[in-house]
Amino acid sequence: MSEQSLLLEIKDLHIEGRADETWQPIVKGVDLTLHRGEVMGLIGESGAGKSTIGLAAMGFTRDGCRISGGSIEFDGINLRKASEAKRRGLRGKRIAYVAQSAAASFNPAHKLIDQYCEAPLSHHVMSREEAEKDAVELYRRMRLPNPEEIGFRYPHQVSGGQLQRAMTAMAMACRPDLIIFDEPTTALDVTTQIEVLAAIRDIVEQFHTAAIYITHDLAVVAQMADRIKVLLKGDEVEEADTRTMLATPKEDYTKSLWAVRSHERKEQPLAGPGETPVVSLRNIDAAYGKAPVLFDVSFDIHARRTVAVVGESGSGKSTAARVITGLLPPSSGEVLFDGQALPTGYQARSKDQLRQAQMIYQMADTALNPMQKIREIIGRPVAFYLGLSGKALEERTRELLNLIELEPDDFIDRLPSELSGGQKQRIGIARALAAEPRFIICDEVTSALDQLVAEGILKLLDRLQSEFDLAYMFITHDLATVRAIADEVVVMKEGKVVEQGRKSEMFQPPHHPYTELLLSSVPEMDPDWLDRLLAERAAAGTEPA
Amino acid sequence: MIALRLGLGLVTLFVISLLIFGAVELLPGDIAQEILGQAATPETVAAFRRELGLDQPAYIRYFVWLGDVLQGDFGNSLANGRPITDLIATRLGNTLFLALYAAVIAVPLALTLGILAALFRNSLYDRAVNIFTLTSISFPEFFVAYILIFLLSQTGWFPSIANVSPEMAFSERIHRTFLPALTLTLVVTAHMMRMTRAAIINLLASPYIEMAKLKGASPTAIILRHALPNALAPIINVIALNLAYLITGVVVVEVVFVYPGLGQLMVDSVSKRDITVVQAAALIFACAYVLLNLAADVLSTLSNPRLVHSR
């Protein structure tokens, strides 16, 4: 952080996006200065303009956006005035980009090494052989397994965390002066996230690369950045070096971000021994084709209780939900509803049995039919399960909208595309409630939402639960959400339940080693957390390979 | 997976042979009676039926027919008693020649036009190509054919009658069949070109295309290296459908240019009630369809690394 030469200087940047035939401002006059070897964290909720600014630092705008004012100067080159060919010459060579979802950003048709070599070859930085050799070296530094041969795989043959590291290696191929990291660990499990964070930080330090690190996760940015800039709706809120920002944020908005994980529901007492659980899984084994996924999974969910099912991706959380809903008949074991065994496949279940268990999905975007108005989306289950029509249907639909705190007159005739992410998720909740169920499966319902919005959804779910005596199964990988909403916790790993019990016990030691690993992997708002954790794990010899 | 697809292809062919045989079987009238005429005595008819094997139950006749077909023997024409295999061989050769000729022009042309249209999307070029190809597909084939005859045959550049014979030199053949080939090209290009353009443009919003742009890839590299390999499956399927059309759907063009192809033979045989020839031609057309679609499925599977290389 001593005197360094200036690398990137953005002044009074204005970017507009085309919406409804007019240009709407997305970024409203942001300044950004970055020196060589420095890491700047950009933080804010979705719609804050973080990614747009990150891309603008490469002289790039997405389709439907334009830079309408200000200047972007990269190492003395004015990116706004430079020709497209000149900008193209910088991209991949001197400024590189690491995208949020490596799985979507690697071309599925080419091997990793071919994609790695593309930039070095097209920018004439090195020959194919040199690039391949270099790739292996960078794969090794990114701590990828089998660095010699992993490049010769296709993207679908490599796990998400490994892809994200391969993408960072790819960004490093031409040894750029600046890398834009656009939420590089958001799509990863907490345990995988640590490995990727550590690898990214090491390599950025080794090559003295400057970086813009975009994220909505404060605890992550605290580990990565030298300075943090907070953005809100295209405007800068404040900027300071990381420690100052964490210790003494000046603006109210920043303080509200810092304090956001405050909702915590009072833990309900365990259900009495005589109480029949609403849903009960008994020794469930399940498989996709010949590949076994669940092994002897048993747990109960009682009325007015929330059971959080946690684990990494691939641990079988969602498969357990599919077994309960009858989408995936188990190979052995049974699902009880109010003590009665349910038919294993949904086709064999009665309409009433189907009505009792509803689901809310992670991606409200894709779970709502984009061609249907809210009236139809919510009205359909009301008509189908409860047989209401005409005026009664309309009234019930309006009542449901009131329940999810959306003004019926305002929303009933809108299309999903006319709603925000949080509003869409509320519609998803209303649709589940419309069937008047006793049990709702919430599959990662808040993980695609900003923290403040997610908090609102959690509070709503909480209120609905006490109003209607609902039982929730809450699938999540986010332990902060567990802390906020759960009564009981089921920890899953590789298709098995490794630990279950009350939340208060779960967050108290002693833990099962796997629960311990999950808990300790949740980033903390302390800039030294990652160093400390890595040191501890190295000392204990448990650092993941 | 590919083995499964091949197996399904065989099953489809088998079902088609059953359908064709069954359809002919359902036709009213007795073939022996038809040939011998009203004057024939019942004894003669019965004897003739035995000779033709018609006294056997249908399933036995089906398997005998199928067995013969598998050995390349389609039986004899009812009209003139000549072996159908001889009758069809030159005709099929001619049809395949014309289809191949048109395909060799149309497929590269359509792909190139489509890729360029994707590269310069919404430009003047894009619109011009779209208007031209859509216009040519919108006119009936015979109309396109007569326009071409008017433009290119009146001037004496190309003959308007594509009468070819087996002993004709290759260059002569190419020259004589140019107009029918060009007509077919105009008819099939639009479909393939528009699918190529749409399949590529459809992918341009993908995150990996944005990634390629951010790696500094040129527009050409983005289309050819990043979009095209992922767009192959729909393109291959449309090409296969059009190739099948070139083999089976060219009757009108053959008639206009008096080209001795299989389509014309089939139409003639239908009017002559030469059932066995119709049966054979139908089977060959069906095979062409099934085999080309089979090839398309196998190729599009091979073009997708996710299906070729398991995890």
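How many residues of domain 1 of chain B are in contact with domain 2 of chain B, and how many of domain 2 do they touch?

Modeller: Keep in mind that this is a predicted model. In that model, 13 residues of domain 1 of chain B touch eleven residues of domain 2 of chain B. The bounds are residues 2-70 for domain 1 and 90-308 for domain 2. On the domain 1 side, helix α1 of chain B, residues 2-26, gives the largest share, with ten residues. By class, that side of domain 1 of chain B has nine nonpolar residues, three polar ones and one charged one. Going by C-alpha atoms, the centres of domain 1 and domain 2 of chain B sit 35 Å apart.

Now for the chain around that contact. Chain B has 15 helices and zero strands. Its C-alpha atoms fill a box of roughly 85 × 60 × 35 Å along the principal axes. Of the 311 residues in chain B, 34% are buried. If you take contacts in chain B between residues at least 6 apart in sequence, 72% of them join residues at least 24 apart.

Two spots in chain B deserve a zoom. Start with helix α10, residues 207-214, and helix α11, residues 219-248, of chain B: their axes come within 10 Å and cross at roughly 145°. The crossing of α10(B) and α11(B) is right-handed. From α10(B), the contact takes B:Tyr208, B:Ile209, B:Ala212 and B:Lys213, while α11(B) brings B:Ile222, B:His226 and B:Ala227. Sorted by class, the contact of α10(B) with α11(B) has five nonpolar residues, one polar and one charged.

The other spot is helix α13 of chain B, residues 262-271, whose buried residues are B:Leu262, B:Gly263, B:Gln264, B:Leu265, B:Met266 and B:Ser269. The elements covering those buried residues of α13(B) include α5 (84-119), α12 (251-256) and α14 (275-302) of chain B. Just past the end of α13(B), B:Arg273 has a positive phi of about 55°.

From there, step across to the partner chain. Chain A puts 23 residues in contact with 17 residues of chain B. The elements of chain A that supply two or more residues to its side are α2 (84-90), α3 (102-105) and α4 (112-122). The largest share comes from α4(A), with three residues. That side of chain A contains ten nonpolar, nine polar and four charged residues.

What about the insides? The largest nonpolar core has 152 residues, and those with the most contacts inside it are A:Ala57, A:Ala166, A:Ile212 and A:Tyr213. Setting aside neighbours within four places in sequence, A:Ile212 touches A:Leu34, A:Met40, A:Leu42, A:Gly54, A:Ala57, A:Ile180 and A:Phe181. Another core, of 68 residues, lies apart from that one, and A:Ala364, A:Phe411, A:Leu461 and A:Val482 are among its members.

Chain A has a helix pair to look at as well. Helix α15, residues 374-386, and helix α16, residues 390-403, of chain A pack at about 115°, and their axes are 9 Å apart. Here too the crossing, of α15(A) past α16(A), is right-handed. A:Arg375, A:Ile378, A:Gly379, A:Val382 and A:Ala383 of α15(A) meet A:Leu393, A:Arg396, A:Thr397 and A:Leu400 of α16(A). That makes five nonpolar, two polar and two charged residues in the contact of α15(A) with α16(A).

Last stop is A:Ser420, in the loop between α17 (408-411) and α18 (421-434) of chain A. A:Ser420 counts as partly exposed because 14 other C-beta atoms lie within 10 Å; a buried residue would need 20 or more, and an exposed one 12 or fewer.

Notes
Residues numbered from 1 in each chain as written. Chains lettered and ligands numbered in written order. Predicted model: local features only at pLDDT ≥ 70, side-chain atom pairs only at ≥ 80, totals over all residues. Domains from an automatic or database assignment. Contact = placed C-beta atoms within 7 Å. Helix = DSSP H or I, 4+ residues; strand = E, 2+ residues; numbered from the N terminus. Nonpolar A, V, L, I, M, F, W, Y, C, P; charged D, E, K, R; others polar. Axes fitted to C-alpha atoms, helices over the stretch in contact; angles between N-to-C directions. Left-handed = near helix turned anticlockwise from the far one by under 90°. Core = buried A, V, L, I, M, F, W, Y, C linked by C-beta atoms within 7 Å.
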